[in-house]
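Take a moment to find your way around, and then follow along.

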Amino acid sequence: MTVTVEARGREGHDGRAVARRTAAVTRAAFATGDPYPGLPVADGATETAEDVRADLARSARLWTAFDADGEPLGCVRALPAGDGAWAVRRLAVAPRGRGRAVGRRLIRALEDDARAEGLDRVVLDAVVERGNPAFYSRLGYRTAAHFPGPDKPLSEVHMVRELSAPDEDLPHPWGGEPVPLWEGAVRAWFSGPGGTAALPAELGPHPAAELAVLAGRAARHVGGPARFRGADGLPRRPRGVLVDTRLAEQVPAFLLPRAVDPGALALWRTRG
């Protein structure tokens, strides 16, 4: 299937039509894009044409992906972030466009135009509980900081892509952020045939290898091979192993750790 990305709407200079189309694609994408049920409604699910026009009035750039029939599959915006950077805003892929690398193509088109304008970096904030940082790390975005979401009980990361760096698929769990993040107060989640287990973790400079060791321990609690699902930073060192027969996304401490413990932050989540 053919997918093309354009940096300008096909409606020419009719900004209202572009804004209506962009808002519709964004709402469709954000209304169905969460990996787990029960998360707070994403801001993009209520996007309006007025929101889009307000961004464009703030000098936002807009890229739209179309199929071979000229129907929109996805869109993304970038706002000037100062100091030689653009900030990604509202990357959205409509349900029918998923599985076709639309999101990747949109981000790469944004980066190409940023380079052409002499910019140094692209930055973004992504919600951990929605599994978004894992997508961006595969595009070479490094996590610079974790912080609590300002208006919902969610955890966010600030990610940076140096445009002079080569394309690389950064490994989990944090794509380059120095570890340990929480002085050892980390809890790692694993799933398996018999449910979910969360283990205290002390992650050093090689977290992937250390998580593999933890997966072996977790297998005894989840009835078979254990798959890494995510990690949390906690305000205090976790004690013991949390075991639950439910799927990880059905365990409140995994789904919304800040709602269970206001001092906790989700550090990483994998999808499904």
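Let us start with A19, which is found in helix α1; helices (H or I, at least four residues) and strands (E, at least two) are DSSP runs, numbered from the N terminus. The model is a predicted one, in which local features need pLDDT of at least 70 and side-chain atom pairs count only at pLDDT 80 or more, while totals for chains, interfaces and linings use all residues. Residues are numbered from 1 along each chain as its sequence is written, and side-chain values use heavy atoms, with hydrogens and water left out.

A19 has a relative accessible area of 0%, so it counts as buried (under 20% relative accessible area; exposed is over 50% and partly exposed in between, with a 1.4 Å probe and protein chains only). Setting aside neighbours within four places in sequence, A19 is in contact with A49, V52 and R53, where contact means heavy atoms within 4.5 Å. From A19 to A65 there are 46 residues in sequence and 15 Å in space, C-alpha to C-alpha.

How do helices α1 and α2 pack? Helix α1 (residues 15–32) and helix α2 (residues 49–57) meet at an angle of about 120 degrees, and their axes are 8 Å apart. That angle makes α1 oblique to α2 (under 35 degrees is roughly parallel, over 145 roughly antiparallel, 65 to 115 roughly perpendicular and the rest oblique). Axes here are lines fitted to C-alpha atoms, for helices over the stretch in contact, and angles run from 0 to 180 degrees between N-to-C directions.

On the α1 side the meeting residues are R16, A19, R20, T22 and A23, and on the α2 side A49, V52 and R53. By class, this contact of α1 with α2 has four nonpolar, one polar and three charged residues (Ala, Val, Leu, Ile, Met, Phe, Trp, Tyr, Cys and Pro count as nonpolar, Asp, Glu, Lys and Arg as charged, and the others, Gly among them, as polar).

R90 lies in strand β4 (residues 85–93), whereas A101 is found in the loop between β4 and α3 (102–116).

**D244**

D244 lies in strand β11 (residues 242–244) and, at 16% relative accessibility, is buried. Beyond its neighbours within four places in sequence, D244 is in contact with G194, G195, T196 and V251.
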